[in-house]
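Please look over the structure shown here together with its sequence. The report that follows takes up a set of sites one after another.

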Amino acid sequence: RRWRGRGRTRGPEAWADAGFTGPAGGPGLPDPDRVGVAVGSGIGGLTTLLASDELLRTHRERQISPFAVPMLMANGSAGLAALELNARAGAHAPATACAAGAEAVAAGLDMIRLGRADVVAVGGTEAMVHPLTFTAFAAMNAMSRRNDAPRHASRPYDKQRDGFVLGEGAAVLVLESARHARARGARVHCVLAGAGTSSDAHHMVRPEPGGRGMARALGKALEDGGLRPADIGYVGTHATSTQQGDLAESRALCSVLGTGGYAVSATKSATGHLIGAAGALGAVLTVRALSTRTAPPTINVDDPDDAIELDVVRDAPRPLPAGRSAALSNCAAFGGHNVVLAFRTES
């Protein structure tokens, strides 16, 4: 389906799923001045930058696109989304590495709570599959070296985990104030109850071993959402399949929520690590888990790490525990960033 007046642009899936048939400002659509955007990216248009640099180095500078700068800007996706949606309340672009998508969701929540917008499209995007990024991540021992068995390379919580698998993509949610949603009879998947952020202030790329930074973000998200640990029935974890990261996040969860009563999924085992889009995709999958009452599986956990005391959903989807109406989505990033999003059912 194409929107009138924008023949080259397809209506965004999340916007259409929210029940909007075109850009803000049309008949029966939100006021553009009350619609915002927050789309994060870890780096921005890296492949555009590298391709343009190659043209320059080989004396083909006349072939460099006049769109190169907008395509390589880290805020380019947020700006484009604002153009497509006619969103004039603000366009924000967090660039907090692997936490960028989750931080964009938290920024959208703030916009609504502060009365700056009624509707905010939030998410993250990344396209980093390039020899340079593979080489750079491999140089710091962050990526799996299981090249002979790529389908089994990402294995969160497994004793033999040895790093993440790089992916790319985008994910977007539409946030809306309760008042605005009720007024138009919107379908609500679930409620974004709160968000918590923290900084490890420990190391540029290594997590704090005890998970204390992530634990602070978990506690803040619960407090902000008016939730208790006993309310949480599911956690979508960051779990990138690194030895240190998976263990630190597990310790954080156990210290805040305990070791039982909630299911845990590490979906990067199936999707790969989408860097700046990871937190947004994690949020989408957590929303789906809560709204369908089904936890997605974690694959490739053949020999679970004894030090990780979590109830990991393995191999097949699992119905969520009855009576628990909330879920968390965790995200962490180089630089020590931690973001936790808290969701609950509508009623």
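## Basis of the description

Contact is used here for heavy atoms within 4.5 Å. In that sense glycine 335, once its neighbours within four places in sequence are set aside, is in contact with Ser199, His203 and Met204. The model is a predicted one, in which local features need pLDDT of at least 70 and side-chain atom pairs count only at pLDDT 80 or more, while totals for chains, interfaces and linings use all residues. Residues are numbered from 1 along each chain as its sequence is written, and side-chain values use heavy atoms, with hydrogens and water left out.

Helices (H or I, at least four residues) and strands (E, at least two) are DSSP runs, numbered from the N terminus. Glycine 335 has its place in the loop between strand 10 and strand 11 (337-344), and its C-alpha atom is separated by 7.9 Å from that of serine 199, a residue 136 positions away along the chain. Glycine 335 counts as partly exposed because its relative accessibility is 26%.

Asparagine 330 is found in strand 10 (residues 326-333) and is buried, since its relative accessible area is 4%. A polar contact is a pair of N or O atoms within 3.5 Å; within protein, one must be able to donate a hydrogen and the other to accept it, and residues adjacent in sequence count only if both atoms are side-chain atoms. The side chains of asparagine 330 and glutamate 249 are joined by such a contact, of 3.0 Å. Not counting residues up to four places away in sequence, asparagine 330 touches a set of residues including Met214, Leu218, Glu249 and Leu253.

## The pairing of helix 8 and helix 9

Axes are lines fitted to C-alpha atoms, for helices over the stretch in contact, and angles run from 0 to 180 degrees between N-to-C directions. The axes of helix 8 (residues 212-224) and helix 9 (residues 243-257) come within 8 Å and cross at roughly 40 degrees. Angles under 35 degrees count as roughly parallel, over 145 as roughly antiparallel, 65 to 115 as roughly perpendicular and the rest as oblique; helix 8 and helix 9 are therefore oblique to each other.

On the helix 8 side the contact is made by Met214, Ala215, Leu218, Gly219 and Leu222, and on the helix 9 side by Ala252, Leu253, Ser255, Val256 and Leu257. Sorted by class (Ala, Val, Leu, Ile, Met, Phe, Trp, Tyr, Cys and Pro as nonpolar, Asp, Glu, Lys and Arg as charged, and the others, Gly among them, as polar), the contact has eight nonpolar, two polar and no charged residues.

Arginine 155 has its place in the loop between helix 6 (131-139) and strand 4 (169-176), and with a relative accessible area of 6% arginine 155 is buried. A polar atom of its side chain lies 2.7 Å from the backbone oxygen of histidine 152. Beyond the neighbours within four places in sequence, arginine 155 is in contact with several residues, among them Arg146, Ser241 and Asp302.

Most residues other than glycine have a negative phi. Serine 241, in the loop between strand 6 (232-236) and helix 9, has a positive phi near 85 degrees and is buried, with a relative accessible area of 0%. Isoleucine 275, which lies in the loop between helix 10 (268-271) and helix 11 (278-292), has a positive phi near 50 degrees and is likewise buried, at a relative accessible area of 4%.

## Histidine 189

Histidine 189 is found in the loop between helix 7 (178-184) and strand 5 (191-199), where its relative accessibility of 32% makes it count as partly exposed. Its side chain makes a polar contact of 2.8 Å with the side chain of aspartate 17. Histidine 189 and serine 291 lie 102 residues apart in sequence and 5.9 Å apart in space, C-alpha to C-alpha, and histidine 189 touches Asp17, Val287 and Ser291 when residues up to four places away in sequence are not counted.

Methods. Buried < 20%, exposed > 50% of the residue type's maximum accessible area, 1.4 Å probe, protein only.
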